[in-house]
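Dear colleague,

I am handing over a structure that you have not seen before, and I would be glad if you could read it alongside the notes below.

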There are 2 protein chains.
Amino acid sequence: MELIRTIAEAHDLVEKIRLSGRLIGLVPTMGALHRGHLLLVDEIRDHVDVIIMSIFVNPLQFGPNEDFDRYPRTLDSDVELAETVGVDYIFCPDVSEMYAGNVKTRVVVADLPNHLCGLSRPGHFDGVTTVVTKLINILKPHIAIFGQKDMQQAIIIQKMVKDLSLDVKIMTLPTVREVDGLAMSSRNNFLSEADRHEAVKLFQSLNFAKQMIVTGERDLFLIVEGIKNFITTGNSAEIDYIGLVDTETLEDLTELKDGSSVLIALAVKFGKTRLIDNLTIKIPVFEHVV
Amino acid sequence: MELIRTIAEAHDLVEKIRLSGRLIGLVPTMGALHRGHLLLVDEIRDHVDVIIMSIFVNPLQFGPNEDFDRYPRTLDSDVELAETVGVDYIFCPDVSEMYAGNVKTRVVVADLPNHLCGLSRPGHFDGVTTVVTKLINILKPHIAIFGQKDMQQAIIIQKMVKDLSLDVKIMTLPTVREVDGLAMSSRNNFLSEADRHEAVKLFQSLNFAKQMIVTGERDLFLIVEGIKNFITTGNSAEIDYIGLVDTETLEDLTELKDGSSVLIALAVKFGKTRLIDNLTIKIPVFEHVV
């Protein structure tokens, strides 16, 4: 496995790979790898010849009061882990390499960021779409893969790729979870033992909402209140948002229509640590039930 | 020569060309080809193996009250002209092909558009950078070439390419002029005979300003007034702007420093037709003159 640290090296490398006719798969990460990342590599491996993982904590996607400085950087152990799952190259540029020379360009997707995480984190998704465009331009993958834990991100990137006619296929992988259901995240390491215990309620609350919906509940307010109470009862968790939104437009639903789908997404803070999770639920049709 | 009308066809084609190791040159145009466009083809030919010209009147870069509907579309004669100079492929998609499915993504460069044409045409350069990013993603050129007649456009595109790490070299070609000095433009055809006669003053006024500067004038106000009077005396031309700006940041200069350069750019309306021109002037150093 080889580490690539500059854009010029990367351009040379991928040009040679592409000239040889081999297919490139990209697994973009911010490092601090966990099993979720490794399963992204497993998923893409069957479809490509060369796997490039990028490890870059992207300052553009962090707000001024967010955890950019605190975000875990564990390159040495990331490199070891990546090697065990057969990553061929790691692209791990410095910030000064990625954003040399007073960068003034942003890739901006309208509307889709005006929901869920985008409301709590203004500018976040502009940072994501800008860095993903750069990574695609630098590494020229045939396929890039993203986790569904940040479903809004996956949806926005798909839209951006189509809108800008980027010649890359986007795959997504269902959220990988700990044994108790907590969505894997590099930020889980920040949790105190007590909060780690409580954090399992995120996924449980989504399943609780699913149960409400599949057993007939259609009142959006009651479902949101149900999730909220489920999560916050008996602990100090602070709800950032709970959204029941359209799976394509991410707009708040005003009703739950039988036979349609709803994306339930939430963000919750435990102390300084903000976690997200989501679940897409197909709303059952009870046409034969009176 | 072959016409390519869809993004999917273009992706297939350029993938094959690139796999063969041949270099692709892109000449982006809005059609209504004139000698300036053909000289862009001549200029790029020595450096590439395959020349692709794009012909696309890009609605995103026209404001609501601008001349999108009126802009000349002359595909048949464009195809003939392009063939005479050895263009290999013309990419000429419909608007519905380029912007299918409610496009929400824009490539936005900060600051540089807040000067010159960008002030008169809000959103114009966002439309330009978005379509050029798309064209580069679709046609994957090794080199793309732009005319210096729209110097602000050339500067913004260079910045965007660097910022987004697009793997393409940008060439620019000095403005090509009619015998009397008028910068070639597809919009020149809109001019009445009288206005066509007056329009020659654009380039003359730039040279008049150059003469002022190289003979020692350093008063920005006097230079702007000189240009203004030169152009508008005895006709109905309406000045949109006259800018003496930094050649890199495009910011208005507050003084003319010996040994530095100044970009003089202007836009002038003759009736409904708005023409632009510019000249970069190296300010002489008169250190031995008292």
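What follows describes how the chains are arranged, how they meet, and what lies inside them.

Please bear in mind that this is a predicted model, in which local features need pLDDT of at least 70 and side-chain atom pairs count only at pLDDT 80 or more, while totals for chains, interfaces and linings use all residues. Residues are numbered from 1 along each chain as its sequence is written, and chains are lettered from A and ligands numbered from 1 in the order in which they are written.

To begin with the two chains, a rotation of 180° with 0.0 Å of shift along its axis places chain A on chain B with an RMSD of 0.0 Å, the superposition being by least squares on the C-alpha atoms of residues with pLDDT of at least 70 in both copies. The two copies are therefore related as by a two-fold rotation axis, and within chain A the C-alpha nearest that axis belongs to A:Val107, 2.3 Å from it. Both copies use the same surface, since 100% of the contact residues of chain A recur in chain B.

Where the chains meet, 28 residues of chain A are in contact with 28 residues of chain B (contact means that the C-beta atoms, placed from the backbone, lie within 7 Å). On the side of chain A that touches chain B, the residues divide into twelve nonpolar, seven polar and nine charged; here Ala, Val, Leu, Ile, Met, Phe, Trp, Tyr, Cys and Pro count as nonpolar, Asp, Glu, Lys and Arg as charged, and the others, Gly among them, as polar. The largest share of that side, five residues, comes from strand E5 of chain A (helices, H or I of at least four residues, and strands, E of at least two, are DSSP runs numbered from the N terminus).

This E5(A) runs antiparallel to strand E5 (residues 105–109) of chain B, and five bridges join them, with A:Thr105 having B:Val109 as its bridge partner; strands pair if DSSP finds at least two bridges between them. A residue is called buried if 20 or more other C-beta atoms lie within 10 Å of its own, exposed if 12 or fewer, and partly exposed in between, with C-beta atoms placed from the backbone.

Within chain B, six of the six residues of strand E2 (residues 24–29) are buried, so this strand is largely enclosed by the rest of the structure. E2(B) pairs with strand E3 (residues 50–55) of chain B in the parallel sense over six bridges, and the partner of B:Val27 in E3(B) is B:Met53.

Finally, the largest nonpolar core has 147 residues, and A:Leu139 and B:Leu139 have the most contacts inside it; such a core is a set of buried Ala, Val, Leu, Ile, Met, Phe, Trp, Tyr and Cys residues joined through C-beta atoms within 7 Å. Leaving aside residues up to four places away in sequence, A:Leu139 touches residues including A:Ile24, A:Leu26 and A:Phe91.

With best wishes

Technical notes
Two residues are in contact if their C-beta atoms, placed from the backbone, lie within 7 Å.
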